[in-house]
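Biologist: I would like to learn how to read a model of this kind. Please take one feature at a time.

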Amino acid sequence: DVSSDNASRSIALPGFYCKNKGHQPSYVPFLSVNDGVCDYDLCCDGSDEWAQVGGLKCENKCNEIGKAWRRQEEQRIKSLGIAGKKRKELVAEAGRLRKQVEDRIHTLGTEIQGAALKVKSLETALADAERQERGKVVRSAGKGGKIGSLIQMAKDRIEELRESLVEVRGQRDTATARLAELEGLLRLFHTEYNPNFNDEGVKRAVRSWEEYEARDKPAIGDAAHDRDLDEISKPDSETDVIKWSEWEENDESDVDVLYKIEEYLPVAVRGWVDQKLRDLRVLLIENGILAASTDPGAESKGLTDARNALQAAQDSENSLRNELTGHQDDLNKDFGADDVFRALKGQCISKDSGEYNYELCWLDRTTQKSKKGGSHTGMGNFVRIDSVTVDDDLPTDGKGLGSGARVALRYENGQHCWNGPNRSTLVVLACAEQDEVWKITEEEKCVYRMEVGTPAVCDVQGNGKSGAKDEL
């Protein structure tokens with residue numbers, strides 16, 4: 001008796017068992033047995049409608065459905081294989097980017113050491129310049145004399161000659177390049193011309209070229225000469241060959257030269273005497289015997305340059321230290337398993353969803369963009385990588401989350417929602433052949449959820465797609 005047999009099976013089994021020969025066996029909820037509906041998604045052989053209620057007869061379609069399913073499963077496995085390969089490429093790229101950061105950290109360590117030494121050296125130079133500044137003896141104000149005018153004229157003339165040298169070198173290089181080009185054309189003409197072609201003009205040109213080639217030609221220049229010219233062409237501010245700042249004091253007149261007693265001494269003792277005199281002047285100033293210069297505008301150009309050079313060096317060192325801190329923080333950030341999201345950081349994908357375009361930028365932000373214009377709406381800024389458990393049916397095209405643990409990205413503190421919270425987005429990820437936003441929903445007011453496929457989470461434990469759960 002079939003009915004009694006099925007009744008006994010209902011006691012022992014979770015549902016009506018369909019063998020589905022040619023496909024995969026499955027269970028049908030007992031409430032769906034003999035309900036006058038062919039449930040081919042679960043019972044493709046039609047055995048669940050064995051009573052043929054209302055004359056309904058469900059045909060066996062397992063061969064057809066099984067064939068389509070196997071074809072789809074083959075495609076799915078192939079797609080997962082491609083996705084797995086892409087993930088390996090992402091991991092390799094992430095490793096390369098991490099190595100770049102590590103190498104930069106190592107380089108920055110060396111650069112910071114050099115910058116610190118430079119700052120220390122410039123601090124000493126500034127202290128010396130300030131000491132020399134304090135050591136000036138205050139004399140009657142002067143307008144400057146012939147020596148000052150001569151110094152300015154000499155400086156202007158040297159700068160004019162330097163600029164002319166740079167211009168002439170440029171003209172020489174241009175002419176040399178054109179000469180080389182013309183010689184190349186004539187050399188090619190000499191090689192390829194037809195000697196049997198009876199044209200006296202051509203033959204004279206060829207003979208002239210041969211005579212030109214045979215002549216000794218003076219060398220236009222060499223690398224050593226060009227290096228010397230490079231040094232000569234540099235501004236005096238870069239070479240310190242002539243330290244104009246020592247001669248450009250605004251308050252120095254012709255008579256002021258007489259105060260520099262050490263200038264009349266032999267070179268061997270000049271430096272020693274100069275230092276002793278400066279020390280004496282500073283001592284006299286500190287003890288109130290001599291007056292110190294109190295005019296802010298009287299600061300020498302040399303002291304100003306020393307102070308500016310120190311400030312620039314300190315700014316450069318601070319910039320290097322900030323960059324080092326940023327890279328060290330970057331190495332400590334969570335970029336997911338195998339650092340894989342490092343390779344995606346900053347890249348964006350989007351989805352057209354009716355009235356809006358939604359954009360996801362990996363580990364950066366999520367944005368809602370209206371197609372009618374206007375400003376964009378920030379849906380959240382990246383906070384952390386997380387994990388969530390999902391229990392969804394897996395669509396036939398595979399573009400879904402399935403069930404189980406999934407990697408998730410949390411984006412929070414987005415644009416404030418009127419009469420609500422700041423916008424936030426939970427991005428739930430599943431394995432896919434390419435980066436793609438599948439679905440966007442607003443679960444609560446201004447709380448969004450994105451379902452996204454990416455090869456970045458393929459082969460990650462807890463991120464394999466399982467099928468839909470059994471409905472009993």
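Modeller: Start with a pair of helices. Two packed helices are described by the angle between their axes and the distance between the axes.

Biologist: Is the crossing of α2 and α7 left-handed or right-handed?

Modeller: In this predicted model, α2 and α7 cross in a left-handed way. Left-handed means that the near helix is turned anticlockwise from the far one by less than a right angle; clockwise would be right-handed. Helix α7 covers residues 267-286, and its axis lies 8 Å from that of α2, at an angle of about 65 degrees. Axes are lines fitted to C-alpha atoms, for helices over the stretch in contact, and angles run from 0 to 180 degrees between N-to-C directions. The two helices are therefore roughly perpendicular to each other; that label covers 65 to 115 degrees, with under 35 roughly parallel, over 145 roughly antiparallel and the rest oblique.

Biologist: Which residues in α2 and α7 meet?

Modeller: From α2 come Arg131, Gln132 and Arg134, and from α7 Gln275, Arg278, Asp279, Val282 and Ile285. By class, this contact of α2 with α7 has two nonpolar, two polar and four charged residues. Ala, Val, Leu, Ile, Met, Phe, Trp, Tyr, Cys and Pro count as nonpolar, Asp, Glu, Lys and Arg as charged, and the others, Gly among them, as polar. Contact means heavy atoms within 4.5 Å.

Some ground rules apply. Residues are numbered from 1 along each chain as its sequence is written, and side-chain values use heavy atoms, without hydrogens or water. Local features need pLDDT of at least 70 and side-chain atom pairs count only at pLDDT 80 or more, while totals for chains, interfaces and linings use all residues.

Biologist: At what angle do α2 and α8 pack?

Modeller: Helix α2 (residues 62-134) and helix α8 (residues 301-332) pack at about 160 degrees, with their axes 8 Å apart. That makes α2 roughly antiparallel to α8. The crossing of α2 and α8 is left-handed. Their contact has 18 nonpolar, three polar and 13 charged residues.

Biologist: Where is Ile82 found, and how far is Glu433 from Ile82 in space?

Modeller: Ile82 is found in helix α2. The C-alpha atoms of Ile82 and Glu433 are 6.2 Å apart, although 351 residues separate the two in sequence. Ile82 has a relative accessible area of 32%, so it is partly exposed. Buried means under 20%, exposed over 50%, and partly exposed in between (1.4 Å probe, protein chains only).

Biologist: Where does His376 lie?

Modeller: His376 lies in the loop between β5 (365-370) and β6 (377-391). At 45% relative accessibility, His376 counts as partly exposed. Beyond four places in sequence, His376 touches Thr367, Gln368, Lys369 and Gln415.

Biologist: What is the phi of Asn413?

Modeller: Asn413 has a positive phi of about 55 degrees although it is not a glycine. Asn413 sits in the loop between β7 (403-412) and β8 (424-431), and at 54% relative accessibility it counts as exposed.

Biologist: What is the mean pLDDT of the protein chain?

Modeller: pLDDT is the predictor's confidence in each residue, from 0 to 100. Where pLDDT is low, the predicted coordinates should not be read in detail. The mean for the protein chain is 80, and 82% of its residues reach 70 or more. Over residues 138-144 the pLDDT is below 50. Residues 464-472 also stay under 50.

Note on methods: Helix = DSSP H or I, 4+ residues; strand = E, 2+ residues; numbered from the N terminus.
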